[in-house]
Amino acid sequence: QVQLVESGGGLVQAGGSLRLSCAASGRTFSSYAMGWFRQAPGKEREFVAAISWSGSSTYYADSVKGRFTISRDNAENTVYLQMNSLKPEDTAAYYCNTLTSTYVPRPLGSWGQGTQVTVSS
């Protein structure tokens with residue numbers, strides 16, 4: 001099973017940028033599609049972005065399309081989420097996970113501790 005540790009969150013003003021990282025352990029990391037999810041207080045966890053095992057295909061929620069970019073480095077067992085033009089509504093705890101597939105992004109594994117992103121207006 002792949003173990004995941006998210007990092008890179010913080011406090012940023014609206015319009016700013018952050019880059020999240022998800023470090024994975026386990027030799028099977030490169031076999032999985034990977035995704036980012038987020039959960040705001042009082043709301044359900046929602047899908048944000050997905051990337052195929054090779055990195056050749058990506059898929060985004062409409063709410064972040066054009067602002068967020070997902071990427072991966074299989075040699076480093078890491079997935080990234082570059083977040084630009086941040087909005088207060090992007091405030092949430094962000095989590096990564098392995099996925100069933102890129103375009104049907106159901107999470108497969110256990111959730112990590114997440115990393116908090118707070119966007120001030």
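Does C96 count as buried, partly exposed or exposed, and what is its relative accessibility? Please go on from there to the rings and the surface.

Modeller: Happy to, and please keep in mind that this is a predicted model. C96 counts as buried because its relative accessibility is 0%, under the 20% cut-off. Its partner is C22: the two cysteines form a disulfide, with 1.9 Å between their sulfur atoms. This pair ties together distant parts of the chain, since C22 lies in strand β3 (residues 18-25) and C96 in strand β9 (residues 92-99), 74 residues apart. C22 is buried as well, with a relative accessibility of 0%. If you care about the geometry, the torsion about the S-S bond of C22 and C96 is about 65 degrees, so the disulfide is right-handed. The count for the structure comes to 1 disulfide.

Now to the rings. A search of the whole structure finds 5 aromatic pairs. One of them joins F37 and F47, an edge-to-face pair with 5.8 Å from centre to centre and 75 degrees between the planes. Here too distant parts of the chain are linked: F37 sits in strand β4 (residues 33-39) and F47 in strand β5 (residues 46-51), 10 residues apart. F37 counts as buried because its relative accessibility is 5%, and F47 counts as buried at 18%.

F37 has another ring partner, W111. The centres of these two rings are 5.2 Å apart and their planes stand at 80 degrees, so the pair of F37 and W111 is edge-to-face. It links strand β4 to the loop between β9 and β10 (115-120), where W111 lies, 74 residues from F37. With a relative accessible area of 32%, W111 is partly exposed.

Finally, the surface. Y59, in strand β6 (residues 58-60), is partly exposed because its relative accessibility is 32%. Together with Y103 and V104, Y59 forms a nonpolar surface patch with about 280 Å² of accessible area.

Note on methods. Residues numbered from 1 in each chain as written. Predicted model: local features only at pLDDT ≥ 70, side-chain atom pairs only at ≥ 80, totals over all residues. Heavy atoms only, no water. Patch = residues over 30% accessible without salt bridge, like charges linked within 9 Å, V, L, I, M, F, W, Y side chains within 5 Å. Areas by Shrake-Rupley, 256 points an atom, 1.4 Å probe, with all protein chains shown as cover. Salt bridge = Lys/Arg side-chain N within 4 Å of Asp/Glu carboxyl O. Helix = DSSP H or I, 4+ residues; strand = E, 2+ residues; numbered from the N terminus. Buried < 20%, exposed > 50% of the residue type's maximum accessible area, 1.4 Å probe, protein only. Disulfide = S-S within 2.5 Å. Phe/Tyr/Trp six-rings, centres within 6.5 Å; stacked < 30°, edge-to-face > 60°.
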